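Here is a short briefing to read alongside your viewer. Load the model, keep the sequence at hand, and follow the topics in order.

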Amino acid sequence: MVDNWKPNEEELEWTRNIIENMEINQDWMEGEMAFRRTGDATLALLTRTERAEGPAQRVAIVLEELGWGLDESEVKIIPDDPALAAQMMQQQAESWTCPSCDERIVNMDLERAFWDVQGSTYYVDESGERQPMDRWVVTLECTKCETGSSPVHLSPDDYFLVAGEVNFYTWWFFDEDGESWKARIMPPETIVECVDNGTLESLNVKHLGTTFQGNTVPPHMRGTFCLLVRAVIEEEE
Ligand SMILES: [Zn+2]
């Protein structure tokens, strides 16, 4: 299907512009493919859908023309059927372990996750321009490590897979007095119900903007109404 396909100058230039500006270990999402820069002139194909076989072959040809190598040895192929794809990714997420010990992430306290921005990353917009965006990292705590505890960092997407929707839409944060809180998104119908039966006033419901109590609000929690409850941290003596 890509027999004898050759990229034109514009296509070569477009790709060169992206890959030469990537940092090592930075990811590049293109269509239904995810690449990572692994060296001075090497990329690895991390994932692609089944149907992205042709596009992936074309990227390989472009890279070859540019004198770059593409490592496809570890590629994960995602089924085209969204239900199968979700199932596959969830199964994989269940097997993830702490990088320092064998504890499975799925067994950790998944609700107690801390969101913060660690530097920035880039995405490529429709016109091929690189646009900066915050790199959000979700940190869990592994309490099975020999050191007693160690942080486990996940991307928001990976956290969603391993922790599920309810945890994903619950945000732990510290207020200005250092007290910990959980903000849980209230569905609009629940808010309407509370307004109707007059219980909204008695609940600690807040509308989250981009910042709240001195914290930058994670993007998926912005513009939502949340029920705030005090989070109890169980201290192990
Ligand atoms: Zn561990």
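Two strands pair if DSSP finds at least two bridges between them. Helices (H or I, at least four residues) and strands (E, at least two) are DSSP runs, numbered from the N terminus. This is a predicted model, in which local features need pLDDT of at least 70 and side-chain atom pairs count only at pLDDT 80 or more, while totals for chains, interfaces and linings use all residues. Residues are numbered from 1 along each chain as its sequence is written.

**Overall picture**

- The protein chain has five helices and 14 strands, and its C-alpha atoms fill a box of roughly 70 × 45 × 35 Å along the principal axes.
- Of the 237 residues in the protein chain, 16% are buried; a residue is buried if 20 or more other C-beta atoms, placed from the backbone, lie within 10 Å of its own.
- Two residues are in contact if their C-beta atoms, placed from the backbone, lie within 7 Å. Among contacts in the protein chain between residues at least 6 apart in sequence, 52% join residues at least 24 apart.

- Four strands form an open sheet in the order 9-10-14-11, with antiparallel pairing.
- Strand 9 (170–174) and strand 11 (205–207) stand at the edges with a single partner strand each, so one side of each has no neighbour in the sheet.
- Neighbouring strands of this sheet are turned by 35° against each other on average, direction ignored; the axes here are lines fitted to C-alpha atoms, and angles run from 0 to 180 degrees between N-to-C directions.
- Inside the sheet, strand 10 (residues 180–185) and strand 14 (residues 225–230) pair in the antiparallel sense over five bridges. Lys 182 has Val 229 in strand 14 as its bridge partner.

**Domains and their contact**

- An automatic or database domain assignment supplies the bounds: domain 1 (9–80), domain 2 (98–168) and domain 3 (169–237).
- The C-alpha centres of domain 2 and domain 3 lie 20 Å apart, and eleven residues of domain 2 are in contact with six residues of domain 3.
- On the side of domain 2 that touches domain 3, strand 6 (114–124) and helix 4 (156–168) are the elements that give two or more residues. Helix 4 gives the most, with four residues.
- By class, that side of domain 2 has seven nonpolar, one polar and three charged residues. Here Ala, Val, Leu, Ile, Met, Phe, Trp, Tyr, Cys and Pro count as nonpolar, Asp, Glu, Lys and Arg as charged, and the others, Gly among them, as polar.

**Nonpolar cores**

- A nonpolar core is a set of buried Ala, Val, Leu, Ile, Met, Phe, Trp, Tyr and Cys residues joined through C-beta atoms within 7 Å.
- The largest has 23 residues, and Tyr 159 and Val 162 have the most contacts inside it.
- Strand 7 (130–142), strand 8 (150–154), helix 4 and strand 9 each supply at least two residues of this core, with the largest share, five residues, coming from helix 4.
- This core draws at least three residues from each of domain 2 and domain 3.
- Beyond its neighbours within four places in sequence, Tyr 159 is in contact with Ala 113, Val 138, Leu 154 and Phe 168.
- Apart from this core lies another, of ten residues, among them Phe 35, Ala 56, Leu 63 and Trp 68.

**A hairpin and an open helix**

- Strand 1 (residues 27–30) and strand 2 (residues 33–39) run antiparallel, joined by four bridges, and Met 29 stands opposite Ala 34 in strand 2.
- The two strands form a hairpin with two residues between them, and Gly 31 in the turn has a positive phi of about 55°.
- Helix 5 (residues 188–196) lies largely in the open, because the number buried among its nine residues is zero. Gly 198, with a positive phi near 70°, follows helix 5.

Notes: A residue is buried if 20 or more other C-beta atoms lie within 10 Å of its own, exposed if 12 or fewer, and partly exposed in between; C-beta atoms are placed from the backbone.
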